[in-house]
Amino acid sequence: MPAGTLEVLLVSAKGLENTDFLCNMDPYVILSCRSQEQKSSIASGKGSDPEWNENFVFTISDGAEELILKIFDSDTGSQDDVVGEVTIPLDPVYVEGSLPATAYNVVRDQEYRGEIKVGLTFNREERTTRSFHMDEESLGGWKQSAYTD
C-alpha cells in the first residue's frame, strides 16, 4: 500500500436535500480517512448548493482504502441533521496521482440526496531503503583476542 499525503479539495455540493423546512440549511462536511477526521467550515445560509473551495491534507499510511465525506446541516439549539454521505475509493488516485474535481453522489438510507464535488491529489512518499554497514566482527563471529600471555 502507498504512503504519502492525500490532498482533498472540497469544492461544492449541488441539489442536497434540504433538511431545514423553514429556511436554507447551513451545510458542512466531516472528512474521514481511517482515524483522521477534519471538518469544513459551515456554509451559512447556502442551502442545497453550497460552495467551500477548501483544502484538507491527510497523512496516508498502509491500509487507507477510502475517504468518507459526511454532510451535515448545522442547527442552532438542536442536534445537527445528517444530509448524507459519500465513500470515495482511494485506489484510483494512488494509481493516477491526481483526480480532477469530480461529482460524487450523496446517499442516505440508500437513496440519492444530491452530489458533492471533490478533487484529489496523492503525493507519494519516497521510501528509501536503509542500508546498514556492519563489520564482520560485530556480527557475533570469531574475533582474535588481543590478549597475549
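Biologist: Which strand does β1 join through 10 bridges?

Modeller: Strand β8, residues 111-124. The two run antiparallel. Keep in mind that this is a predicted model.

Biologist: Where does G4 pair in β8?

Modeller: Its bridge partner there is R124.

Biologist: And what is the partner of G4 in β4?

Modeller: In β4, G4 is bridged to I60. Strand β1 covers residues 4-14 and β4 covers residues 51-60. They pair in the antiparallel sense too, over 8 bridges.

Biologist: Let's zoom out. How many helices and strands are there in the protein?

Modeller: There is 1 helix, and there are 8 strands. From the N terminus, the order is β-β-β-β-β-β-α-β-β.

Biologist: What share of the contacts links residues 24 or more positions apart?

Modeller: 59%, counting contacts with a separation of 6 or more.

Biologist: And how much of the protein is buried?

Modeller: Of the 149 residues, 37% are buried. The accessible surface comes to about 9,700 Å². Carbon and sulfur atoms hold 46% of that surface.

Biologist: What about the largest nonpolar core? How many residues does it have?

Modeller: It has 31 residues. I116 and L120 have the most contacts inside it. Elements giving two or more residues to this core include β1, β4, β8 and the helix α1. In soluble globular proteins, nonpolar side chains tend to be buried together.

Biologist: Which residues does I116 touch, leaving aside its neighbours within four places?

Modeller: Among them are L10, S12 and A13. W52, L69, I71 and V86 are also in contact with I116. So are T102, A103, Y104 and V106, along with V29.

Biologist: Is S12 buried or exposed?

Modeller: S12 is buried, because its relative accessible area is 16% and the cut-off for buried is under 20%. Beyond its neighbours within four places in sequence, S12 is in contact with P50, E51, W52, I116 and K117.

Biologist: New topic: charges. How many salt bridges does the structure hold?

Modeller: There are 5. Side chains of opposite charge can pair when their charged atoms come close.

Biologist: What does E115 form a salt bridge with?

Modeller: With K14. The closest N and O atoms are 3.7 Å apart. This pair links distant parts of the chain, with E115 in β8 and K14 in β1, 101 residues apart. E115 counts as partly exposed, at 21% relative accessibility.

Biologist: And which side chain meets R113 at 2.7 Å, N to O?

Modeller: That is E17, in another salt bridge. R113 sits in strand β8, while E17 is in the loop between β1 and β2. They are 96 residues apart.

Biologist: What is the distance between R113 and E111 in their salt bridge?

Modeller: It is 3.6 Å, N to O. E111 is partly exposed, with 46% relative accessibility.

Biologist: Which residues do the shared partners join into one network?

Modeller: E17, R108, D109, E111 and R113. The salt bridges in that network share partners.

Definitions and conventions. Residues are numbered from 1 along each chain as its sequence is written. This is a predicted model: local features need pLDDT of at least 70, side-chain atom pairs count only at pLDDT 80 or more; totals for chains, interfaces and linings use all residues. Side-chain values use heavy atoms; hydrogens and water are left out. Helices (H or I, at least four residues) and strands (E, at least two) are DSSP runs, numbered from the N terminus. Buried means under 20% relative accessible area, exposed over 50%, partly exposed in between (1.4 Å probe, protein chains only). Contact means heavy atoms within 4.5 Å. Accessible areas come from the Shrake-Rupley method with a 1.4 Å probe; for residues, only the protein chains shown count as cover. Two strands pair if DSSP finds at least two bridges between them. A nonpolar core is a set of buried Ala, Val, Leu, Ile, Met, Phe, Trp, Tyr and Cys residues joined through side-chain atoms within 4.5 Å. A salt bridge is a side-chain nitrogen of Lys or Arg within 4 Å of a carboxyl oxygen of Asp or Glu.
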